[in-house]
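Let's take a walk through a protein model together. Have a look at the sequence and the 3D view first, and then we'll go through it piece by piece.

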Amino acid sequence: MKHHRPAPEDITAALMAVKLLVKGMNGAMPTLAAEMRREACERIDDVIDDIGRMKR
């Protein structure tokens with residue numbers, strides 16, 4: 001599968017989405033908070049991969 005080179009705006013939007021996800025964890029039920037943490041970590045991994053593709 002070929003990946004496109006991400007635009008800085010895409011990376012910014014992804015980081016903002018993670019920020020909102022993390023903020024939403026406050027007051028969440030423990031099982032929901034755990035799922036939100038997992039999702040946030042996956043999204044952060046995606047952003048790291050995108051930044052790596054920008055450098056290539």
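In which helix do Arg53 and Asp50 both lie, and how many residues apart are they? They sit in helix α2, 3 residues apart, which is about one turn of the helix. A quick word on what you're looking at: this is a predicted model, where local features need pLDDT of at least 70, side-chain atom pairs count only at pLDDT 80 or more, and totals for chains, interfaces and linings use all residues. Residues are numbered from 1 along each chain as its sequence is written, and side-chain values use heavy atoms, with hydrogens and water left out.

Back to our pair. Helix α2 covers residues 30-55 (helices are DSSP runs of H or I, at least four residues, numbered from the N terminus). Arg53 and Asp50 form a salt bridge, and their closest N and O atoms are 2.3 Å apart. The term salt bridge here stands for a side-chain nitrogen of Lys or Arg within 4 Å of a carboxyl oxygen of Asp or Glu. Both partners are buried: Arg53 has a relative accessible area of 19%, and Asp50 has 17%. (Buried means under 20% relative accessible area, exposed over 50%, and partly exposed in between, using a 1.4 Å probe and protein chains only.)

What else does Asp50 touch, leaving out residues up to four places away in sequence? It touches Pro6 and Ile11, where contact means heavy atoms within 4.5 Å.

Ile11, Val18 and Leu21 are buried in α1. Seen down the helix axis, the buried residues of α1 fall within an arc of 85 degrees, so they line one face; the arc is that of the directions from the axis to the C-beta atoms. What covers these buried residues includes α2. The face turned away from the buried side carries the exposed residues Glu9, Met16, Lys19, Leu20 and Lys23.

Arg38 pairs with Glu35, with the closest N and O atoms 2.3 Å apart. Arg38 is partly exposed at 37% relative accessible area, and Glu35 is partly exposed at 39%. Arg38 also meets Glu39 in a salt bridge at 3.9 Å, N to O. Glu35, Arg38, Glu39, Glu42 and Arg43 are linked in a network of salt bridges.

Terms used
Helix = DSSP H or I, 4+ residues; strand = E, 2+ residues; numbered from the N terminus.
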